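Here's a quick tour of a single protein chain, written for someone who likes the cut-offs spelled out. Have a look at the model first, then read on.

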Amino acid sequence: MEQSEFTLCLPGDPVPKGRPRVYNGHAITPKRTVRAEERLFAEFRLKYPQAKPFQCPVRLEAEFWMSHRGRPDLDNLLKLVLDSLNGVAYVDDAQVVESHASKRMPDLWVYGSKGRYRKRKSGDPYTCCGHEYEPHLYIRIKPLPEMGAEQARTSMMPDRRLWMPRCRTCGPLGKPTGLDEAVTSCTRHANQYPNHQTAWYPTHAQIIVKGTPNDCE
């Protein structure tokens, strides 16, 4: 049975991708990064021992629940996840065409025993927006549908909507017409009156061709 999605929860403080160190002309990945990548890879294999990696575009969601505020940067945290799951969740991380990553950090203020808020102290439970948690990493990967033959054929069909050429100073530049004719009318008018703002639009969109919003006001 084909996997509909992958999810993984990894306890512990999330680890960022470390910058390689150069020794004698060779780039060496930091040991902490290597251990974190190996652990994430192994935990994924443990949960999905028979799963084959997605070969289509995917969406990746990652939540990093931290034990402290500040660094590391979110992009370095995400980079380690992307690299670690190469070959197991997807064939290559180039398949990740959508991503949503968030870093949750402990609240600066906590609710004290006296019924009042106070600054967080060492040893206080981890809370985010008042909700307790333990540091962990949560990952979710979903395949994205690729365009089928019928969708491709439909998307290539000519646009048969009517478009209205218009100037914000002069008003309509004619009747609703085809897209090419509307563009031509707007371009001709904008060339004749450089300070006028022209546009052609269907019922739900507007495209500026020349001028700035204040030109005609």
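Leaving aside its neighbours within four places in sequence, which residues is L85 in contact with?

## Starting from L85

Once those sequence neighbours are set aside, L85 is in contact with L40, F44, Y90, I139 and I141. Contact here means heavy atoms within 4.5 Å.

Some ground rules: this is a predicted model, where local features need pLDDT of at least 70, side-chain atom pairs count only at pLDDT 80 or more, and totals for chains, interfaces and linings use all residues. Residues are numbered from 1 along each chain as its sequence is written, and side-chain values use heavy atoms, with hydrogens and water left out.

## The overall picture

The protein chain has 4 helices and 14 strands; these are DSSP runs numbered from the N terminus, with helices being H or I of at least four residues and strands E of at least two. Of its 217 residues, 30% count as buried. Buried is under 20% relative accessible area, exposed is over 50%, and partly exposed is in between (1.4 Å probe, protein chains only).

Take the contacts in the chain with a separation of 6 or more: 62% of them are between residues 24 or more positions apart. The chain exposes about 14,700 Å², with carbon and sulfur atoms supplying 53% of that. Those areas come from the Shrake-Rupley method with a 1.4 Å probe, and for residues only the protein chains shown count as cover.

## The nonpolar core

In soluble globular proteins, nonpolar side chains tend to be buried together. A nonpolar core, as used here, is a set of buried Ala, Val, Leu, Ile, Met, Phe, Trp, Tyr and Cys residues joined through side-chain atoms within 4.5 Å.

The largest one has 29 residues, and L40, L60, L85, Y90 and I141 touch the most other members. Elements giving two or more residues to this core are β1 (6-11), α1 (31-47), β4 (58-65), α2 (74-84) and β10 (136-143). The largest share, 5 residues, comes from α2.

## Aromatic rings, inside and out

There are 7 aromatic pairs in the structure. Rings of Phe, Tyr and Trp (its six-membered ring) pair if their centres lie within 6.5 Å; planes under 30 degrees apart are stacked, over 60 edge-to-face, and the rest tilted. F6 and F54 make a tilted pair, at 4.7 Å centre to centre with 35° between the planes. F6 sits in strand β1 and F54 in the loop between α1 and β4, so this pair ties together parts 48 residues apart in sequence. Both F6 and F54 are buried, and F6, F44, Y48 and F54 form one aromatic cluster.

Y111, which lies in strand β6 (residues 109-111), is exposed at 55% relative accessibility, and Y117 is exposed at 59%. Together with L108 and W109, these two tyrosines make a nonpolar surface patch of about 530 Å².

A cis peptide bond joins R71 and P72, with omega about 10°. P72 lies in the loop between β4 and α2.

Then there's C129, which has a positive phi of about 55° although it isn't a glycine. C129 lies in the loop between β8 (127-128) and β9 (131-132), and its relative accessible area of 65% makes it exposed.

Conventions
Patches are made of residues with over 30% relative accessible area and no salt bridge: like charges are joined within 9 Å, nonpolar side chains (Val, Leu, Ile, Met, Phe, Trp, Tyr) within 5 Å. A salt bridge is a side-chain nitrogen of Lys or Arg within 4 Å of a carboxyl oxygen of Asp or Glu.
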